[in-house]
Amino acid sequence: LKPCPKKKSPRAVEALDQKRLFSDGCITSATAPMSVTVTHQGRRAKIALGSAHVAVREVVARAKAHFGLEGSFGLRTTRGRRADVPDATAWAHTGLSNNCELELVRRAAGGGGAVRVAAAVSHMGSAPRTVSFAVDAGTSLAAVVERLVAEGAAPPDPLRRAPTVRVMRDRFAGEDLGRTLGDLGYGGGAAVRLHVELGALADGAAPPEKRPRDEA
């Protein structure tokens with residue numbers, strides 16, 4: 001194997017032609033930085049992936065931060081047959097190559113369509129109870145937590161039980177529960193799995209719990 005040229009300085013390495021580095025074996029597909037080119041309204045930016053296992057929605061969040069955007073956005077392919085990239089999918093499972101180009105497009109939040117929710121709910125360390133339902137993409141995490149009462153998976157007043165919602169590796173509590181599913185990158189037609197943890201009532205002992213059908 002041909003030995004790699006010695007590095008004289010970081011600037012000297014950066015000045016070398018990237019094609020030559022690949023041909024010399026100094027950079028391989030396994031060690032090359034992973035990034036994707038994202039465009040938005042004529043602007044372009046290189047967004048680092050960091051790992052092949054990063055979720056697409058995290059790439060969306062980084063692109064939004066770079067362009068200074070708020071609201072619900074998603075990624076769409078720009079070549080051939082244009083298609084939306086599923087937000088919850090890990091990059092390695094999208095079938096897209098590294099260094100590809102995608103477009104950041106706005107997705108409706110308030111009337112963005114239904115998002116399929118699967119929520120595993122644990123109350124004060126109990127075994128999780130899983131329920132599934134659909135809500136609008138503009139629904140906040142707090143509203144999703146309240147919905148769990150009607151689904152029979154949570155006791156009354158869930159927002160007074162210090163709820164914590166985990167989505168993938170991210171945890172949301174307090175004011176962050178005001179974020180919508182659309183804000184997290186889940187538009188109409190998407191599916192999301194939530195892990196919800198509830199504690200005791202904030203003002204002391206919990207009253208006897210009744211299922212929603214018993215309160216009618």
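## Overall composition

This is a predicted model. The protein has 216 residues, and 39% of them count as buried. Its secondary structure comes to five helices and nine strands. From the N terminus on, the order of elements is α-α-β-β-α-β-β-β-β-α-β-β-β-α.

The accessible surface of the protein comes to about 12600 Å². Carbon and sulfur atoms hold 51% of that surface. Contacts reach along the chain. Among those with a separation of 6 or more, 60% join residues 24 or more positions apart.

## Confidence

Mean pLDDT for the protein is 78, and 75% of the residues reach 70 or more. Confidence is highest in H4, at 95. It is lowest in helix H2, residues 18-24, at a mean of 37.

Two stretches call for care. Over residues 10-32 the pLDDT is below 50, and the model gives this stretch 17 contacts beyond near neighbours in sequence. Over residues 205-216 the pLDDT also stays under 50. There the model has 15 contacts beyond four places in sequence.

## The five-stranded sheet

An open sheet is built from five strands in the order S6-S5-S9-S7-S8. Its pairing is mixed. The edges are S6 (129-136) and S8 (170-173), each of which pairs on one side only. On average, neighbouring strands of this sheet are turned by 30° against each other, direction ignored.

Which way does S5 run against S9? The two are parallel, with eight bridges joining S5 (residues 114-123) to S9 (residues 191-198). Ala 118 faces Arg 193 of S9 across this pairing. With S6, S5 pairs in the antiparallel sense, over eight bridges. In that pair, Ala 120 stands opposite Thr 130 of S6.

## Two hairpins

S5 and S6 form a hairpin with five residues between them. Met 124 sits in the turn and has a positive phi of about 55°.

S7 and S8 form a hairpin too, with two residues between them. Met 168 in this turn has a positive phi of about 55°. Four bridges pair S7 and S8 in the antiparallel sense.

## Pairing around S4

S4 (residues 101-106) pairs with S1 in the parallel sense over three bridges. Thr 39 stands opposite Glu 103 of S4. S4 also pairs with S3 (residues 73-77), and these two run antiparallel over five bridges. Here the bridge partner of Gly 74 is Val 105 in S4.

## Helix H4 on the sheet

H4 lies across S5, S6, S7, S8 and S9. It runs at about 130° to S6.

After H4 comes Gly 152, whose phi is positive, near 75°.

## Two residues compared with the cut-offs

Is His 40 buried or exposed? Its relative accessibility is 8%, so His 40 counts as buried; the cut-off is under 20%. His 40 is found in strand S1, residues 35-40. Leaving aside neighbours within four places in sequence, His 40 is in contact with Phe 67, Leu 69, Phe 73 and Leu 104.

Ala 162 lies in the loop between H4 and S7. Its relative accessible area is 60%, so Ala 162 is exposed; here the cut-off is over 50%. Ala 202 is 40 residues away along the chain, yet the C-alpha atoms of Ala 162 and Ala 202 are separated by 7.3 Å.

Note on methods. Residues numbered from 1 in each chain as written. Predicted model: local features only at pLDDT ≥ 70, side-chain atom pairs only at ≥ 80, totals over all residues. Heavy atoms only, no water. pLDDT = per-residue confidence, 0-100. Contact = heavy atoms within 4.5 Å. Buried < 20%, exposed > 50% of the residue type's maximum accessible area, 1.4 Å probe, protein only. Pairing = 2+ DSSP bridges. Axes fitted to C-alpha atoms, helices over the stretch in contact; angles between N-to-C directions. Areas by Shrake-Rupley, 256 points an atom, 1.4 Å probe, with all protein chains shown as cover.
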